[in-house]
Amino acid sequence: MKSLSKALICGIMMLGMVSCEDDLMLEPENNITQNSFYTTELQIQQALSGVYSAMVNASSRGGYDVNFYLLASEVRSNNFNAISQNGNRDYYAINRFQDTSSTDEMEILWEDAYQQISYANMLLSRIDAVPFADPATREQYRSEARFLRSYAYFELMRSFGKVPLIDKPVSPEEASKIPRTDLATLYNFITSEIEASIAGLKNVYDAANKGRITKSAAHAMLGRIYLTGSGYPLNNSSYVAKAKDHLFAVIQGEGQFVTFAPNYADLFKSSNDNKFHIFEIQHISGGLSQGSYLPSYVSPNFGSADPYYNAQGSLFSSAELGVSQSLIDTYEPGDLRLPLTIKTSFIGTNGQPDQAKFFVKFREKGIVLSNRYDWPINFPIIRYEDVMLMYAEILNNEGSTSAAVFQLNRIRQRAGLAPLSTSISAADFTTALRKERRVEFAGEGVYWHDLVRWNTGVSVINQAAAQLNYNYTITTNDYLYQVPLSQIQVAGYDQNP
C-alpha cells in the first residue's frame, strides 16, 4: 500500500467539500469552508494531496496517464492504428486526425489540468498565513505545489500551444477574461517556477512519503521542458545548455538518488513502484478510486481460455485499436523489450487464437481485480532512461558522439542488444537514438512529443498513412489540438489553425 496514494484520497475528499459548496452557490458557507480549511499545517498537507490527486482518475476516462499520455499522445502517433470507427470513442478521431474542437477528450484534458492548477493556486495563496512547526516543511509543500502547477501547464502547452496563464485564485468571470498566453511567456513562467522549487524539495523521502516530487524530478522535468522548448515550434536554442545541465544533475545522482534498473521487466511491476522511475502517477487498487485505467484501455477483451490475461476484461475489443506493425518492426531481433511490451495474439472468447496486437507493458500477470479500472501499477511520467537518452541526444548534437554512445549502450545492452560502435557517425547515431526512444518508451506517450519537437511528425505520419491507405495527410497545424469549443464560447479565445 502506498502512503501517498492514501493521502491522495484524503485530498480528494477535502477538496471535494469545497467544490460541493461551490456547486451549491452558497457564498457565505463556501467562504467559511475555504477560510477554515486552509488554516493548519495538516490541512495544507491534505490540500497538497489534492493537487497530486488531480492527476489520478480526475475524470470519467481516467487520469493523466490515460488522457494526456495514451489518448492524446500515444494514440496520436503511428504506434497505434485505429482499425474500425466507433462513434462512441474519441481515440478513432485522434488517431486519424479527425478530431475537432468538439472532441470530448480535449475538453477533459483542458478541465483536468486547470483543476490541478486551481488547486495549486489556492494552496499557494494561503500557505504563508499558516503556522508550521518547521519552516522547511512549508517550503517543501510550496515547492511541490509550484512544480505540479507548472507541470500541468507544460502538458497543456504540448496539447494546445497557447493557453491562459492563471497563477492565483480567480473567479470564473475573471478567468474568462484572461487571454491565451504566448509560448515564450509560458515557458519562462513554468521553468522559473520549477527552478525556484528545487531548493525546497528533498532528494529522497521516507517510505511513508514515496512518490512526492524530489529534486531529481524537478531537474528531470526541467531537462524535458528545456529540450522541448529548444525544438519545434519555439526553437529556442539557448534552452539546450540549460537542458543539459539539469539532465546531468540527475545523472550525477545515480546510485544515490536515482536507480538504473538492471532488468527492463523490473520497470513495470507494481511491487517496484517508486523505485526506478523519477516521477510517477501514483495508483493503488482496492476499490478506492485510485487505481489505473490504462491497462484495460490498451488490451482486448480476453476469453476464459487465456488465464494470463483474463484477470479482468478491458474497454477495447481487438477490432477497434491495435499496436501498429510499424512499431513492432522497429524492434531489432532478440530485443528483450518486445515481448514485455507487446503481445501479438491471445485466445478469444470462442477458444480460438486471435491475432490482435496490443500493449501488455502495464498489465501484470496474476493480478486479480474487483473491476477493470483498478490496476495498482504506477505510470511513469519521467523515467531515468529518458534522462539518459535526452542527455545523449544533446551530447551527440554537440559533437560528443562517443560519450553519447555510452548512455545509449547501457540501455541497449540491458535489452539484450549489441552495443553501438563508439566510432558511429553523428547522423547514424541520431537515427539509432530516435529508434531507441521509440521502442524503449513504447506505450508511454513519449514518441508523439518526440516527433513534434524534432518536427518529423509530418513526414512520419504522412508516410505511415500512405502505407496503410489512410485518406489523410497532416501539416504542422496538426501538432496541436483544437481549443475546446466550450472554452471558446465562454472566453472568446482564438482557435488554433
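This is a predicted model: local features need pLDDT of at least 70, side-chain atom pairs count only at pLDDT 80 or more; totals for chains, interfaces and linings use all residues.
Q: Which residues line the second largest cavity?
A: Leu70, Glu74, Phe80, Leu294, Val298, Phe359, Lys361, Phe362 and Gly443 line the second largest cavity. A cavity is a set of points on a 1 Å grid over the protein atoms alone where a 1.4 Å probe fits but cannot get out, and lining residues have an atom within 4 Å of a point.

Q: How much space lies in the second largest cavity?
A: About 50 Å³. Its lining has 6 nonpolar, 1 polar and 2 charged residues. Gly counts as polar here.

Q: How many cavities does the structure hold?
A: There are 5 cavities of 30 Å³ or more. The largest cavity has about 70 Å³ of space.

Q: Which residues are closest to the centre of the largest cavity?
A: Asn78, Phe80, Asn81, Tyr470 and Tyr472, out of 13 lining residues. Phe80 also lines the second largest cavity.

Q: Which elements give two or more residues to that lining?
A: β1 (80-82) and α19 do. Helices are DSSP runs (H or I) of at least four residues, strands (E) of at least two. The largest share, 3 residues, comes from α19.

Q: And by class?
A: The lining of the largest cavity has 8 nonpolar, 4 polar and 1 charged residues.

Q: Back to α19. Which of its residues are buried?
A: In α19 (residues 457-467), Gly457, Ile461, Asn462, Ala464 and Ala465 are buried. Buried means under 20% relative accessible area, exposed over 50%, with a 1.4 Å probe and protein chains only.

Q: Why do they sit on the same side of α19?
A: Because they cover an arc of only 160 degrees around the axis. The arc is taken from the axis to the C-beta atoms.

Q: What do they pack against?
A: The buried residues of α19 pack against α18 (447-453). On the other side of α19, Ala466 and Gln467 are exposed.

Q: What happens just after α19?
A: Asn469 takes a positive phi of about 60 degrees.

Q: New topic. Where is Ser101 found?
A: In the loop between α5 (90-95) and α6 (104-126).

Q: Why does Ser101 count as buried?
A: Because its relative accessibility is 18%.

Q: What does Ser101 touch?
A: Leaving out residues up to four places away in sequence, Ser101 touches Gln482, Val483, Pro484, Leu485 and Gln495. Contact means heavy atoms within 4.5 Å.

Methods. Residues are numbered from 1 along each chain as its sequence is written. Side-chain values use heavy atoms; hydrogens and water are left out. On a 1 Å grid over the protein atoms alone, a cavity is a set of points where a 1.4 Å probe fits but cannot get out, and a pocket is an open set with protein on both sides within 12 Å along at least five of seven lines; lining residues have an atom within 4 Å of a point. Grid points are joined across faces, edges and corners, and a volume is the space filled by probe spheres set on the points.
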